[in-house]
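This report looks at charged side-chain pairs.

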Amino acid sequence: MSIWGKLGGAGLGLAIGGPIGGLLGAFAGHYLVDREGAVFGPAPRDVVLTTGLVALSAKMARADGVVACSEVEAFSRVVIVPEEDRPNVERLFRLAQATTDGFQAYAAQLAKLLADEPCLLEDIVDGLFLIAQADGAVHEKEIGYLREVSRIFGKDDEWFEAVLARHVVMPDDPYRVLGANRAMSFPELRRKYRELVLEHHPDREIARGLPPEAVRIANDRLGAINAAWERIERERKAA
């Protein structure tokens with residue numbers, strides 16, 4: 001069953017509480033969360049990841065003051081969606097846009113639900129960057145939005161700057177992509193690069209049974225890391 005079948009099916013049988021639980025309930029056509037936000041069963045990681053990505057991307061779509069159709073399209077490129085389920089994607093996206101909960105509430109709940117899955121939190125930030133690029137540029141307000149989401153996720157400025165460098169063209173500083181600096185020796189840089197490859201390789205996501213969108217995001221992330229390392233290697237060998 002696709003993620004959309006899980007979310008919309010009559011036998012959903014779970015509620016994860018809070019604003020994300022309310023969004024799921026509205027999508028499924030019946031309210032699944034009690035007033036205390038009680039949890040009625042385990043929340044599958046793919047449900048949490050996808051719903052959280054929907055909610056935060058829908059809120060981010062207003063960060064630059066314009067809600068473009070391309071942002072919905074970009075979401076559909078990041079999240080694997082069967083053609084027959086595309087109307088459900090747009091429905092959930094619009095529901096999330098219409099909610100009165102602020103993005104901070106969604107981000108805080110995701111930080112709690114995925115506290116033991118920090119890599120999934122990183123996947124969400126990378127996915128949001130990919131969606132922000134839908135109109136050809138990541139705007140300052142979107143960067144501020146993503147910085148705040150990252151802060152709520154427990155990430156520091158150094159981590160965010162490395163992610164920012166992967167997604168925003170900064171041709172003179174591939175070191176930022178690796179979270180490194182030019183003062184590091186070549187062996188130190190190579191060790192840093194190899195650690196990042198091991199940490200972010202898509203095969204790890206597959207082995208952990210994570211949803212396809214997490215694997216796709218990991219592929220994009222690894223591509224940026226490899227490209228930065230190739231530039232650093234050429235620079236160091238030419239020196």
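## A buried pair

Asp 126 is buried, at 3% relative accessibility. Buried means under 20% relative accessible area, exposed over 50%, and partly exposed in between (1.4 Å probe, protein chains only). Arg 221 is buried as well, with a relative accessible area of 3%. The two side chains form a salt bridge at 2.7 Å, N to O. The term covers a side-chain nitrogen of Lys or Arg within 4 Å of a carboxyl oxygen of Asp or Glu.

This bridge joins distant parts of the chain: Arg 221 sits in helix H12 (residues 212–238) and Asp 126 in helix H7 (residues 118–132), 95 residues apart. Helices (H or I, at least four residues) are DSSP runs, numbered from the N terminus.

## Network and total

Asp 126 and Arg 221 also belong to a salt-bridge network with Asp 123 and Arg 166. The structure has nine salt bridges.

## A pair with Glu 235

Arg 182 and Glu 235 meet in a salt bridge at 2.9 Å, N to O. Arg 182 lies in the loop between H9 and helix H10 (186–200), and Glu 235 in helix H12, 53 residues apart. Arg 182 is partly exposed at 42% relative accessibility. Glu 235 is partly exposed too, at 33%.

## Model basis

The model is predicted: local features need pLDDT of at least 70, side-chain atom pairs count only at pLDDT 80 or more, and totals for chains, interfaces and linings use all residues. Residues are numbered from 1 along each chain as its sequence is written, and side-chain values use heavy atoms, leaving out hydrogens and water.

Notes: Helix = DSSP H or I, 4+ residues; strand = E, 2+ residues; numbered from the N terminus.
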